[in-house]
Amino acid sequence: MLFADYAAFKSKITKMIRLNLPTFEIKLSGTKEHPRIFDILRRRYVALTPEEWVRQHFVHFLTGHKGYPAALMANEVGLMIGNKKLRADSVLYDRQLHPRMIIEYKAPSIEITQKVFDQIAAYNLLLHVDYLVMSNGFQHYCCRMDYENRRYEFLKEIPDYSDINSPNQ
């Protein structure tokens, strides 16, 4: 069921939380009490939460501005650590379907702290990716893993897909 005054609602939502990310063509549905936003990776409408607002903006930023292929990205990737079920917010894969990047989103009101970094690092124990990215829509952090030297390096910006997909990376 679409909103009776879709344009007014869309305007209200987009003005409600302006993020430090480019805008995109937002597709909404649901009701005023239970709004939903279209997820291009899952190809369906999902509940519009503050974290989902950040996820959708960030995914569109990566695909529309950084050249990341949507076909190689997935949202809500299930993981198991012992008997504990976890979900990585987004994962980027290479063409051989090996994970290359984990992306963790937080609501705009949640600060990116060491706890968030610890969370994504735990996911990386399973996926062993080259890049870890965290965003709350205002702050974005990206680090490149250096497994050989047992360290990581924070990057100044989110790399373009062509940069992380080069043969020497």
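**Reading the fold and its cores**

Guide: Begin with burial: in this predicted model, 46% of the 169 residues in the protein chain are buried. The accessible surface of the chain comes to about 9,700 Å², and carbon and sulfur atoms account for 52% of that area.

Visitor: How many helices and strands does the protein chain have?

Guide: Secondary structure is read as a count and then as an order. The chain has 4 helices and 9 strands. Along the sequence they follow the pattern α-β-β-β-α-β-β-β-α-β-β-β-α.

Visitor: What share of the contacts joins residues at least 24 apart?

Guide: Take the contacts between residues at least 6 apart in sequence: 47% of them join residues at least 24 apart.

Visitor: Which residues have the most contacts inside the largest nonpolar core?

Guide: A nonpolar core is a set of buried residues, such as Leu, Phe or Tyr, joined through side-chain atoms within 4.5 Å. The largest one here has 30 residues, and F58 and Y68 have the most contacts inside it. At least two residues of this core come from each of α2 (50–65), β6 (99–105), β7 (131–135) and α4 (161–164). The largest share is that of α2, with 6 residues.

Visitor: What does Y68 touch?

Guide: Leaving out residues up to four places away in sequence, Y68 touches L62, T63, M73, L92, M101, I158, P159, D160, Y161 and I164.

Visitor: Which residues does the second core include?

Guide: This core is separate and has 18 residues, among them L79, L86, Y123 and L132.

Terms used
Residues are numbered from 1 along each chain as its sequence is written. This is a predicted model: local features need pLDDT of at least 70, side-chain atom pairs count only at pLDDT 80 or more; totals for chains, interfaces and linings use all residues. Side-chain values use heavy atoms; hydrogens and water are left out. Buried means under 20% relative accessible area, exposed over 50%, partly exposed in between (1.4 Å probe, protein chains only). Contact means heavy atoms within 4.5 Å. Accessible areas come from the Shrake-Rupley method with a 1.4 Å probe; for residues, only the protein chains shown count as cover.
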